[in-house]
Each structure stands twice: as structure tokens, then as C-alpha cells.
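This report describes selected helices, their packing and the charged pairs of one protein model. The sequence and structure are shown first.

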Amino acid sequence: MYKPTKTAVVRELKDYLSITFGLFCYALGWAAFLIPYQITTGGTTGIGAIIYYATGFPIQWTYFLINAVLMIFAFRILGTRFSIKTSYAIFMLTFLLWFLQQVIKDDAGQAPLVLGPGQDFMACLIGAALCGVGLGVVFNSNGSTGGTDIIAAIVNKYRDVTLGQMIMYCNIIIISSCYFIFHDWRRVIFGFVTLLIISFVLDWIVNSARQSVQFFIFSKEYEKIADCIIRDTHRGVTVLTGTGWYSKNEVKVLVVLAKKRQSLDIFRLVKDIDPNAFISQSSVIGVYGEGFDRLKVK
């Protein structure tokens, strides 16, 4: 029987805390900025918003009902780990959308215009940015807010298509349908602006977390450095043999591929072992293989 290690438990706990923070940002964007100014966008939350503006039916319940159906497919295709986190996100976001709408309301029980009347575009920018940040944090923690995020995650699993682009394609029809209900192009335009901002911020957050770097390390203490990098950063090290053309002496070169966030740890590790080591660091566009991204081409 598999027994999770302490490290695995801590990692999962951090994921759930990150997912909760991302969901809070997403729900705050809706409750404080998009809903009060009657701005919609794509996704099941966007569908819920359209229904809410037209009928008054709570946005969170539409979101929950649609995702209950989509989760059936998620369990089959994306696996238990992703689906459990997504289920948690769906329940938590349903609660946060309800809770924040209860907190952010005026004396009459209505959603207040926090930026003042006529500030629809600014509310669109701030709300969409908060939603994009929230989605990015959730995706980086191997979670999802459900809806079209599930469809995007399924496609992203098999094809090298960015999450933001996939969500945009799925949501265009949802935003366009807004016109047939309200007969107001203004709502449609604001919906597309919101979608573009969310997609841009989402891709920026996700891609920033996935940035990788390549190190070339020249040192006489290459064995100690290589052992420490493997032990402390859990990254592989390749040792190359070269010749210093000035001295004509044989030298050992360590080649390391790591996540950008691990750069400082590697610099500190090398400095502690050999302060005179020569290090070259460069950014790489993509790294595919174990410990990095999967290769998603035919």
C-alpha cells in the first residue's frame, strides 16, 4: 500500500493553499468588479453571469451545476489527482462567489459600484486581471476552476496549445451569445476585452512559472557541485570533458537544466563549494522531458 512521504504531503498542502488563493482572486474579480458593472466573459462563470443578469438566478449555482456534468469527463481523461483538485476548486469557488457577494454589498443589498459610476472599462481591466492571476495560480498548482478550463486542460494534455488560447477559442461563442439576450454590443465588446486580458495574464503567469534556464559550470570541485545539485535541487547534471585552449589543460564542465526559480539556489550552492567557479547562465525557450514539460506533438 502506497504511503505518501512527508515531502509529498507538504507539496500537496502547498498546492491546495495556492489553489485557494487563486480562487479567492478569481472570485474577488467577479464579485467586486465584473458583477456590479454587469460585465460578462466566457466560461461557465460567464454563462452564469449572463443568466444572473437576465433572471437574477445566482451565478454560483449555474457555475456549480454545469461543472458537475463536466467533471464526469475530467475523471476519465485527466486522472484522479487533477479531478480531485478540480472538484475542490469547484466547491470552494462556489462558496467564495457566494461569500464575497454577501460581503461586498451596499445597505440595499445590491453589489456596489466600487469605482464609481461610469467606470466600466476600469472595472473590466481590474476584474479581468484578478481573474487571470487567479486562474494562473490555480493551473500552476495542477488544479482548475472547471468549465472551459477542463476542456482547455484536456486539449493541453495532448497538444502543444497554450491554455489561454484554448480557453479563448472555447469562450468566443459564449460571449457572442450575450448579444442575442441583451441586444447590446457594448456588453459583447466588454466581454471580449475581459476575455483577452484574462487570457494574456493567464499565459503570463503560467509561462513565467515554467521558464527554464541552462547552466554551464566550470570548476575543479565539479564532483561536489554535481552531487549537491542532484541532492538539493533534484535536477540532473551532465559532465562534459573539454580542453582549455589557453592552458591546454583538460577541464570538466557541468551542464544543468533547471527551473528559473531554482537559479538562486544553484548559485548559492556553487559559491559555497567553489567561490572561484566560472558559471554561465542562459534562458531556454523550452525544455521537454522528465521533470519538465511533456512533448505534445505527433
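## Salt bridges

Glu-221 counts as partly exposed, at 31% relative accessibility. The model is a predicted one, and in it Glu-221 forms a salt bridge with Lys-224. The closest N and O atoms of Glu-221 and Lys-224 are 3.9 Å apart. Side chains of opposite charge can pair when their charged atoms come close.

In the whole structure, a search finds five salt bridges. One of them links the side chains of Lys-252 and Glu-250, with an N to O distance of 3.9 Å. Lys-252 is partly exposed, its relative accessible area being 24%, whereas Glu-250 is exposed at 59%. Another salt bridge joins Asp-184 to Arg-187, with 3.8 Å from N to O. Asp-184 is partly exposed, with a relative accessible area of 25%, while Arg-187 is buried at 15%.

## The surroundings of Arg-187

Arg-187 belongs to helix H8, which comprises residues 185-210. With residues up to four places away in sequence not counted, Arg-187 touches Gln-38, Tyr-53, Cys-178 and Phe-182. Arg-187 counts as buried because its relative accessibility is 15%, and buried means under 20%.

One of the residues touched by Arg-187 is Tyr-53, which is itself among the buried residues of helix H2.

## Helix H2

Helix H2 covers residues 43-55. At 1.5 Å a residue, its 13 residues should span 18 Å, and the separation of 18 Å between its end C-alpha atoms agrees with this. The buried residues of H2 are Gly-43, Thr-44, Thr-45, Gly-46, Gly-48, Ala-49, Ile-50 and Tyr-53. Just after H2 comes Gly-56, which takes a positive phi of about 85°.

## Ala-128 in helix H5

Ala-128 is a residue of helix H5, which runs over residues 120-140. With a relative accessible area of 0%, Ala-128 is buried. Which residues does Ala-128 contact, leaving aside its neighbours within four places in sequence? The contacts are with Leu-34, Thr-194, Ile-197 and Ile-198.

The C-alpha atoms of Ala-128 and Ile-39 are separated by 9.9 Å, and the two residues are 89 residues apart along the chain.

## Helix H9

Helix H9 consists of twelve residues, which at 1.5 Å a residue should span 16 Å. Its end C-alpha atoms are 16 Å apart, in agreement with that figure. Within H9, the residues Ile-225, Ala-226, Cys-228, Ile-229 and Thr-233 are buried. They cover an arc of only 165° around the axis, which means that they lie on the same side of H9.

The face turned away from this buried side carries Glu-223 and Arg-231, both exposed. Cover for the buried residues of H9 includes strand E1 (212-218), strand E2 (237-244), strand E3 (249-259) and helix H10. His-234 follows H9 and has a positive phi, near 60°.

## Helix H10

In helix H10, formed by residues 263-273, the buried residues include Ser-263, Ile-266, Leu-269 and Val-270. These four are on the same side of H10 because they cover an arc of only 130° around the axis. Exposed residues occur on the other side of H10, namely Arg-268, Lys-271 and Asp-272.

The elements that cover the buried residues of H10 include E1, helix H9 (222-233), E3 and strand E4 (278-284).

## Packing of H9 against H10

Two packed helices are described by the angle between their axes and the distance between the axes. For H9 and H10, the axes come within 10 Å and cross at roughly 145°. This crossing of H9 and H10 is right-handed.

On the H9 side, the contact is made by Lys-224, Ile-225, Cys-228, Ile-229, Asp-232 and Thr-233. On the H10 side, Ile-266, Leu-269, Val-270 and Ile-273 take part. Lys-224, one of the H9 residues in this contact, is also the salt-bridge partner of Glu-221. Among the other contributors from H9, Ile-225, Cys-228, Ile-229 and Thr-233 are buried residues of that helix. From H10, Ile-266, Leu-269 and Val-270 are likewise buried.

Technical notes: Residues are numbered from 1 along each chain as its sequence is written. This is a predicted model: local features need pLDDT of at least 70, side-chain atom pairs count only at pLDDT 80 or more; totals for chains, interfaces and linings use all residues. Side-chain values use heavy atoms; hydrogens and water are left out. Buried means under 20% relative accessible area, exposed over 50%, partly exposed in between (1.4 Å probe, protein chains only). Helices (H or I, at least four residues) and strands (E, at least two) are DSSP runs, numbered from the N terminus. The arc is that of the directions from the helix axis to the C-beta atoms. Contact means heavy atoms within 4.5 Å. A salt bridge is a side-chain nitrogen of Lys or Arg within 4 Å of a carboxyl oxygen of Asp or Glu. The expected span of a helix is 1.5 Å times one less than its number of residues. Axes are lines fitted to C-alpha atoms, for helices over the stretch in contact, and angles run from 0 to 180 degrees between N-to-C directions. A crossing is left-handed if the near helix is turned anticlockwise from the far one by less than a right angle, and right-handed if clockwise.
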